[in-house]
Number of protein chains: 2
Amino acid sequence: MENVNITKRIRRTHFSLGVQAAGVSSYTLYNRMLLPAEFDGYVDDYHHLKKHVQVWDVACERQVDIQGPDAAHLMDLISPRDMRKMADDQCYYIPVMNRQGRMLNDPVAVKLAADHFWISIADGDFIQYVMGVSDALGLDVTIHEPDVSPLAIQGPKSDDLMARIFGNEVRDIRFFRYKRLSFEGHEMLVARSGYSKQGGFEIYVEGSEYAMPLWDRLMSTGEDLQVRVGCPNLIERIEGGLLSYGNDMNRDNTPHEVGLGRFCNSPLDYIGKTAVETERNIGPSQQIRAIAIDGSIPFCETAMPLLADGKQVGQVTSAVFSPDFGTNVAIGMVANTHWDAGTKLEVETLDGMRSASVQKGFWI
Amino acid sequence: MENVNITKRIRRTHFSLGVQAAGVSSYTLYNRMLLPAEFDGYVDDYHHLKKHVQVWDVACERQVDIQGPDAAHLMDLISPRDMRKMADDQCYYIPVMNRQGRMLNDPVAVKLAADHFWISIADGDFIQYVMGVSDALGLDVTIHEPDVSPLAIQGPKSDDLMARIFGNEVRDIRFFRYKRLSFEGHEMLVARSGYSKQGGFEIYVEGSEYAMPLWDRLMSTGEDLQVRVGCPNLIERIEGGLLSYGNDMNRDNTPHEVGLGRFCNSPLDYIGKTAVETERNIGPSQQIRAIAIDGSIPFCETAMPLLADGKQVGQVTSAVFSPDFGTNVAIGMVANTHWDAGTKLEVETLDGMRSASVQKGFWI
């Protein structure tokens, strides 16, 4: 944990006052914005998230706004999923790649209109790639980062809390679909999505005017539901196998390696397609696996080597103790020679070697 | 100042042990890497920098490595300066833009060979723009971020310290030129450059093996020169008018607005050229100015509005008290109606209004 100065370059969000008032204890930075990491400790935050409902400042999930006559064509170029099949109220998780088939981001595309899309990005200036492609081809689109701040409502009581504010309509929103609903006469895009496995919504709040009023209403309306301010939880997201771009994958990895090959199915000529199809035929040489680790382990600041018979066969990129499963849960990238479920490995932590084993799947 | 967790996504550098040992008191994050912001307080760091010599961990200045048959063509597309005129040992400050002529970064290009360049970037994933252009056009180049960590030696005694380690040859390196010099038999690229007005060098350290040995040698060899671990200094850089991408300019700004129009002179058809030439003819509507502010001001976390007769005519993006000049020195973006030297304005700080005036130039 280090002290980091806030400047114009390192941004607070429209919800930061609420986050501070709730007693945030540490942050991470994500797209140069503060993203809370912890409030009452990972463990307490985790138990609460699995039982009740939380309000998360995820304004750092910035939007790349693409609009214009060539918007759909540009989306076809950068999306490995067939955008033409997307319903008018749909969101698509799209692993985006460069021509070598290496992951540049793992955003969610939101279709606002036939000629208007948002790409809701993980950490990284994917907007620059989109601009580069568009500029090189001279496409007729405008591309910008709008003042849109996602607010996530996550946890098993999310439907109940949201229904009190937006009406029972929210209950009918299907997974990765959205509705435009009204808060104090102001229309907001509300999607059933979010970075947890506990269910919930993401509200795309435009501008600052309704940001804290919505926040305050959620907190006061949900008092009897034991609503709390929260954030993506390290333990819960590893249990659920939710990958973090920059931690569990980066520009060195392919969609097949991170288990996203199934999303690469567009019949169109998207960027990276040749590399994706070549790797599909020969199979990836390594892939993401759920890893259980024995003993006590330090906070995972950097990748930890995974070894078999003293030789490196992969690395662990996220790891933490899970109270519910009584073991350290981890995400690792493992060579195809050692990725079968049940394979015994060793992890080299800063505190020494630990026994580990490849799991059949994540803890869900 | 906020607590930020270090993870695989938020990186330490190959020099972080040296930075910690020197008692860093706060950081900023830059290209998702720790960049020290302060050691013994801005004021003490500042006086020392102007008098002696400092060693700076600026590993966060990442390189975009571009190599291949089309590398020079790609550089011609993204550089507003005529890359064909670049000497074999030269570095160019290049304001890079999208097709709308809006600044994407303000990096330094380094020519390694006729078909091999580094773009040493300010904060932001400019590598994604370069990849986007290359992928869209199908250029024959490889683009990656190498494991290269710049180390800056800054201050009036820089030549003396560097000569003790790399030999008197360093004294002959001209401004924004480089030489390949040996440290313990290992060749390093040493350029006369750096983010201060006190003179000095940047050493591009490849890999980790020689990083801390070089650091330690600089510190021990320079003891009688009163060498210290330092970092880009907020006061000194504002006095000198050194702009910070993300603070003083961003994707909304043009090169003319930030005073970099003179660097946009390539006769080739670079990206953004039409927009640049159009604005050159009509003149920018706003431009960066040195601003002096009276009274005491709070730390500049966000932009502060600049007002004339109660109406906003610009904003201050960086500001701090300068002991040497006895006033608050600031960088602001000012409308062309109010940018003449001597114009009296008001600045709206979090602690209230302050008098300000447009200066003829920066404090150098």
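The model is a predicted one, and in it A:F176 sits in the loop that joins helix 5 (158–166) to strand 13 (178–183) of chain A. Its phi is near 60°, a positive value in a residue other than glycine. As background, most residues other than glycine have a negative phi.

A second case is found in chain B, where B:N31, also not a glycine, has a positive phi of about 50°. B:N31 belongs to the loop between strand 2 (26–30) and strand 3 (33–38) of chain B, and it counts as partly exposed because it has 18 C-beta neighbours inside 10 Å.

## Overall form of chain A

Chain A contains eight helices and 22 strands, and its C-alpha trace spans about 65 × 50 × 40 Å along the principal axes. For 364 residues a compact globule would have a radius of gyration near 21 Å, and the value for chain A, 21 Å, agrees with this. Of the 364 residues in chain A, 52% are buried. Among the contacts in chain A with a separation of 6 or more, 66% are between residues 24 or more positions apart.

## Domains of chain A

The division of chain A gives domain 1 (16–61 + 147–238), domain 2 (63–144) and domain 3 (285–364). Between domain 1 and domain 3 of chain A, the C-alpha centres are 31 Å apart, and the contact takes six residues from domain 1 and eight residues from domain 3.

On the domain 1 side of this contact in chain A, helix 2 (42–51) and helix 7 (234–239) are the elements that give two or more residues, with helix 7 of chain A providing the largest share, three residues. By class, that side of domain 1 of chain A has five nonpolar residues, one charged residue and no polar ones.

## A mostly covered helix in chain B

Which residues of helix 3 of chain B are buried? They are B:A71, B:A72, B:L74, B:M75, B:L77 and B:I78, so that six of the eight residues of this helix, which runs over residues 71–78, are buried and the helix is mostly covered. The elements covering these buried residues include strand 5 (63–67), strand 7 (96–97), strand 9 (108–113), strand 10 (116–120) and helix 4 (126–137) of chain B.

## The two chains together

The same surface serves both copies, since 100% of the contact residues of chain A recur in chain B.

In the contact between the chains, 40 residues of chain A meet 40 residues of chain B. Strand 1 (2–4), strand 2 (26–30), strand 3 (33–38) and helix 4 (126–137) of chain A each supply at least two residues of the side that touches chain B, and helix 4 of chain A gives the largest share, 10 residues. The residues of this side of chain A divide into 18 nonpolar, 14 polar and eight charged.

Strand 1 of chain A also pairs with strand 1 of chain B, in the antiparallel sense and over three bridges, and A:N3 stands opposite B:N3 in strand 1 of chain B.

Note on methods
Residues are numbered from 1 along each chain as its sequence is written. Chains are lettered from A and ligands numbered from 1 in the order in which they are written. This is a predicted model: local features need pLDDT of at least 70, side-chain atom pairs count only at pLDDT 80 or more; totals for chains, interfaces and linings use all residues. Two residues are in contact if their C-beta atoms, placed from the backbone, lie within 7 Å. Domain bounds come from an automatic or database domain assignment. Helices (H or I, at least four residues) and strands (E, at least two) are DSSP runs, numbered from the N terminus. Ala, Val, Leu, Ile, Met, Phe, Trp, Tyr, Cys and Pro count as nonpolar, Asp, Glu, Lys and Arg as charged, and the others, Gly among them, as polar. A residue is buried if 20 or more other C-beta atoms lie within 10 Å of its own, exposed if 12 or fewer, and partly exposed in between; C-beta atoms are placed from the backbone. Two strands pair if DSSP finds at least two bridges between them. The radius of gyration is taken over C-alpha atoms; the globule rule is 2.2 Å times the number of residues to the power 0.38.
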